Amino acid sequence: MQAVSPPSSASLPPIQVNQVPLDRRSVRLRLLRLGSDAYVGDGNYVTPPIREQMAALDPGAGGVLAGLPAVGLIAVQLGRPVARMVVRVGTCGLGAFSNYENVAGAAAARALVDAAMGWLAEHGGTRLVGPVGVGPHDPLGLLVSGFSRSPTVATPYNPPRYVEHLEAAGLVPRWRLPGWRWRLCPSSQGDHNDQLDRLLAQQRVTIREADLASFDREIGAWRQVIGEGIAEPWRPAGNRAAFSELQAFELPRLSLPGSVLFAERDGVPIGVVVTVPDVNRILPRKGWMGPLAWWRLIRKRAEIAEGRVRFLVSRSGEDDPAIPLILLLATGQRARSRGVESLELSCGGEHDLGMMRAARALNARREREFVIFERT
């Protein structure tokens, strides 16, 4: 364990930041357990499945961290671990952090970020962005508004003070990711069906449900849309390893018939949308998923009345709402038939104008906001 001692205020007990390897299971488990005190008494918090988090942080498991320099950082004050973070460095000097938790305060956050910047410099990194998760259940960004309800599956949830922590550590908001709530009102179903039929005819587009039982045959169409429709390398589907995890984890376990849709024109895929039930409603609150919990999740997933648009990608251009709107209307049509009452649309940032305009056209309500921070 290598110790790094960043500067600390004379009025506070000194903070030491320790670098810990991620290839040891016991270290990963200790890292993940640190910070749970931050959510004591918070009835909205749902611990992400521990087993999946452990696998995501394992460099030898073939996930996002495979082949990338990565390190765990633990801040210690008065001999007690008080904060943690995982840092990795990718291409073009871009570093990313994830798994940030802090029970101490801004001083611990500054110590962690300063140590992260020092580690990045040693590995050729020049920029630090985050939080950007490393696993299929890891969130993207930090929750900055909308703390009154539990998070939907794979979305961030954190104490409000974390925003102040990261800003005090020199990080600035770089990307804003809005979260929209679309109520699937039965009274509007007929109008939405008519609107979908008109748009399909106008745009010369057809909607095709992906074959989840044989998804290997869909990979060509999937990658064609993903490769041309996503610009930001840290968005969930833009990373090849993250795509592999999504394919291996979410599609067979969480998706339902009609929840992965392709938009095609003249047989060429031009858009894709993935919707999953909000399994946070039935996940164990402590994060431990045994065989019985998985059996209950798979068996009960079709009965969950809330869902999340995991991501939506269109090749038609960021500022064209037609294809995103078509995909959302088709998704809503199929979700209503399964008894789903609302969908969260939280897969795009402020630059994703097509997604934002489609959400507004559906009278979706902007309920939450997430932010990805950056420091250079």
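## Helix α9

Helices here are DSSP runs of H or I with at least four residues, strands are runs of E with at least two, and both are numbered from the N terminus.

Helix α9 covers residues 322-337, and its end C-alpha atoms lie 23 Å apart, which agrees with the 22 Å that its 16 residues should span at 1.5 Å a residue, the expected span being 1.5 Å times one less than the number of residues. After α9 comes Gly339, whose phi is positive, near 90°.

## Arg28 in helix α1

Arg28 belongs to helix α1, residues 25-33, and is buried, with a relative accessible area of 6%. When residues up to four places away in sequence are not counted, Arg28 is in contact (heavy atoms within 4.5 Å) with Leu22, Asp23, Met54, Leu57 and Asp58.

## The whole protein

The protein contains 10 helices and 14 strands, and 56% of its 376 residues are buried. Of the contacts with a separation of 6 or more, 75% are between residues 24 or more positions apart.

## Basis of the values

Residues are numbered from 1 along each chain as its sequence is written, and side-chain values use heavy atoms, with hydrogens and water left out. Because the model is predicted, local features need pLDDT of at least 70 and side-chain atom pairs count only at pLDDT 80 or more, whereas totals for chains, interfaces and linings use all residues.

How values were computed
Buried means under 20% relative accessible area, exposed over 50%, partly exposed in between (1.4 Å probe, protein chains only).
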